2 protein chains.
Amino acid sequence: MTEAAAAASTAQADTDTVRLTLDEVQALAERVLLHHGMSLRHAQAVARVITAGERDACVSHGVYRLLVVAQTLGRGRVSGVAEPVVTDRAPGVVAVDAGFGFSPLAFEVGAEHLARKAGQNGLAALAINHCFHFSALWPEVEALAARGLAAVALTPSHAWVAPAGGIRGVLGTNPLAFAWPRPGGLPYVFDFATSTAARGEIELHRRAGREIPLGWGIDDTGADTTDPRRVVQGGAMRVFGGHKGSALSTMIELLAGPLIGDLTSLDSLAFDNGDGSTPCHGELVIAFDPKRFGLGDAAGDAARAERLFAAIESQGARLPSQRRFAARAVSRAQGVAVARSLYTDILALLR
Amino acid sequence: MTEAAAAASTAQADTDTVRLTLDEVQALAERVLLHHGMSLRHAQAVARVITAGERDACVSHGVYRLLVVAQTLGRGRVSGVAEPVVTDRAPGVVAVDAGFGFSPLAFEVGAEHLARKAGQNGLAALAINHCFHFSALWPEVEALAARGLAAVALTPSHAWVAPAGGIRGVLGTNPLAFAWPRPGGLPYVFDFATSTAARGEIELHRRAGREIPLGWGIDDTGADTTDPRRVVQGGAMRVFGGHKGSALSTMIELLAGPLIGDLTSLDSLAFDNGDGSTPCHGELVIAFDPKRFGLGDAAGDAARAERLFAAIESQGARLPSQRRFAARAVSRAQGVAVARSLYTDILALLR
C-alpha cells in the first residue's frame, strides 16, 4: 500500500469507527447494563470484562457482547440482580452460588476468598455454581496471576462436540485457561477451547455462507464436512488433538461439572431447552501460591520459568496471548476504535 | 486361520513364552531389584508398578523395565536406598523429597498424606522432588481413585519436544494423567504424553531401522521428517494438538517444575549430562475429594458422570484405558506370558 493509500484507508477507518477511551467503554457498558435492569454490582463486573475484551482486541468479547447480554437479560432465565452467595465448603474450597446470574460478579466475589485460601493452604479451589457464562476465562486467571498466584480455570459448555471416534455432540467446547505470574506484570497465560475451533467461528461462517476448513466439524453421519450448517444441524464439532484432546475435554466435564455438583455439557444443553442462551453451568478455578510450594528459592524458581519462556521465544515460537498484550498497550495509549454501526446499535439499547 | 493353524500358533507361543502368575512377576521383580542393591521398600514399590504394567499388557512398562532399572542402578546417579523424606509444606501441600531415588516409593509414601489432606481440605497437592521417574503415571492416579479421590498427575521429562512454531527441543514429553472414581471399581482414567508420539516409540523405530509417520518429529531445520535418527540427532519431537498442546505442555513444565522448586525439562536434560538415564525431576499430583466439593447430592453427581460416559460409549467412541482393563482381567485369571528371551535376560540379572 502506498502512503497515500494508507492515509486514505486510515481516514476511511476514522469515519467508520468511533474512538473511545477505556473509561468511556466501561461507562458505556455500565449504562447499557443498568438500563436493562442489572444491579450496579453486576453491571460494573460485567462491564469490566467487556472492557478488557475490547481493550485486548478480542472483538467478540468486547462491546459487541452488550447486544447479546441485553437480549439474554430480556429473556428472563438469567438474573441480572442475583447476589452471589459464598459458602466455605471446605478449608481449601470456597463455593459461590451465582443464583443464575452472570459469571463476572460471582468470580470477583469468589476470587477474594480463593486467593486467601490459596495463601493459607498452598492451593485452593473456587467452585462457581448455577452461573450463566459468557466471558472468556483469561480475565479470571489473569486477575489471580496479578495477585502472584498460578491459576487454572475450567468450564463445560454445551454438548456440541463429538468425542474422538464418535459422531454426536457430547462434550462442550470446554475451555481451559491457565496463568503463571511473571516479573514485570504480564503473566504467561493461555485460554483455549478443547474443540478444534470456537463455536462462534462456526456460527460466523454459517451466517456469512462460507465453508469451514476440514477438521472443524462432522455431519450427522460422522463424516468430515466443510458446510457449517451440517455441523450445527445434526452434526458435531471436533475436539482438538484427537483422543488426547477428547480425554482432556472429558476431564474438564468431570472436574467443572459433577465434582462441584453442577451440570455437564449434556445437562447444560438440556437445561437450555432450545433457548439458544448463554450456557448455564458451573466453573472450577484452582489457584496455587508459589510461595507455599517451592523449596525456598523463589527467585531461582522464577528464573527457571523465565529460561523456559526465553527458550521458546528465542527459536521463533510465540508465547500465547502476545497479540492481546500488544493490543492492550495500544488501547491504553490511544483508546479503542469501535465500528460506527456497532456503536449505533449499542446506543439503541439505551432507548 | 484354521483351527489346526491356531492350535499350532498357540503351541508356538507357549514354547516362546513363559507363563507367570502376577505373584510370580512381583516376586521375580523384587528379587532382581534386591540383587541390584535396592532396599526392600524400594524393591517392593518398584515391583508393584512393574507388575501392574505387565498385568495391563503395557509391555514397555512391565518386566522389561527390570533391564533398564538394573542398568540405571549400576550407574550410581540414582539411589536404590534413599528413604523418602516427607515435609508438610502447607496445610494443603505435602512434599516428598525422593533423595534421587525412584518415584514409586516416594509416591506411595506421599499418597497417604495426600489422601488425608484432600479429605480435610477438599483438595490437596503432593509435590515430589529429586526423583528418578520411570513408570507411567496411571498407577498413581488409579491408586488415588481407589481411595475415592479424583486425581491429576503431571511431570516434565527431557527437553526433546519443540513448541508449536519452533524447531528445537524445549518441552518434555510431559505426561498428564487423570482418574475419576467410578462405581464398580475401575475408574475413568487416562495418561497421555503431550508429544505426538512417545519417546520410546521413536527409539523403537530407530533401532528397527523403520520410518516414523509424518507428524511425529522434525529435523534440525524444523522440517517434518520420517527418519527417526534425524529427530533424535539435532531434531525434535512434535507436540500433540498444535499450539494448544504446546500451551498445555508448557503449563505442565511450570506446575511440575518451578512451582514445586524443581527442574524443567531443559534443566532435567542438562542434569542428565548425556548419561541417557531415566529423567530426574519433580512431579505434581493433585487430589480432589468429591465428598467435599458437591452440593450434597453425591449420588446425583456420580450419576451425571456415568451418563456422560454412557453417551460417549453408546456412539461407538471408546473411553481411555479399556484395553488395559481388558488385559488386566485376563492376567488376573490366567497370569501373563513373558517372551522366553526376555525372561532369560531377566534371570541373567540375578547372576
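Before we go on, a word on the model and its labels. This is a predicted model, in which local features need pLDDT of at least 70 and side-chain atom pairs count only at pLDDT 80 or more, while totals for chains, interfaces and linings use all residues. Residues are numbered from 1 along each chain as its sequence is written, and chains are lettered from A and ligands numbered from 1 in the order in which they are written.

Now look at where the chains meet. The contact takes 61 residues from chain A and 62 residues from chain B; two residues are in contact if their C-beta atoms, placed from the backbone, lie within 7 Å. Several elements of chain A each supply at least two residues to the side that touches chain B, among them strand 2, helix 5 (103–121), strand 4 and helix 10 (265–272). Helices (H or I, at least four residues) and strands (E, at least two) are DSSP runs, numbered from the N terminus. The largest share of this side, eight residues, comes from helix 11 of chain A. By type, the residues of the side of chain A that touches chain B divide into 35 nonpolar, 15 polar and 11 charged. Here Ala, Val, Leu, Ile, Met, Phe, Trp, Tyr, Cys and Pro count as nonpolar, Asp, Glu, Lys and Arg as charged, and the others, Gly among them, as polar. Why can we say that the copies meet through the same surface? Because 100% of the interface residues of chain A are also interface residues in chain B.

Next, step inside chain A. Its seven-strand open sheet has the order 2-3-4-12-5-7-8, with mixed pairing. Strand 2 (85–90) and strand 8 (188–192) of chain A are the edge strands, each pairing on one side only. On average, neighbouring strands of this sheet are turned by 15 degrees against each other, direction ignored. Axes are lines fitted to C-alpha atoms, for helices over the stretch in contact, and angles run from 0 to 180 degrees between N-to-C directions.

Which strands does strand 12 of chain A pair with? Strand 4 (residues 123–132) of chain A runs antiparallel to strand 12 and is joined to it by eight bridges, and strand 5 (residues 150–154) of chain A pairs with strand 12 in the antiparallel sense over five bridges. Two strands pair if DSSP finds at least two bridges between them. You can find Ile286(A) of strand 12 opposite Ala125(A), and also opposite Val152(A). Ala150(A) stands opposite Phe288(A) in strand 12. Nine of the nine residues of strand 12 (residues 280–288) of chain A are buried, so this strand is largely enclosed by the rest of the structure. A residue is buried if 20 or more other C-beta atoms lie within 10 Å of its own, exposed if 12 or fewer, and partly exposed in between.

Helix 9 (residues 242–255) of chain B lies across strand 5, strand 7 (176–180) and strand 8 of chain A, at about 135 degrees to strand 8.

Four strands of chain B form an open sheet in the order 6-11-9-10, with mixed pairing. Its edge strands are strand 6 (161–162) and strand 10 (224–225). Strand 9 (residues 217–218) and strand 11 (residues 236–238) of chain B pair in the antiparallel sense over two bridges, and Ala236(B) in strand 11 is the bridge partner of Ile218(B).

Finally, find Trp160(B), in the loop between strand 5 (150–154) and strand 6 of chain B. Is Trp160(B) buried or exposed? Trp160(B) counts as buried because it has 23 C-beta neighbours inside 10 Å. Leaving aside neighbours within four places in sequence, Trp160(B) is in contact with residues including Gly169(B), Arg199(B) and Ala236(B).
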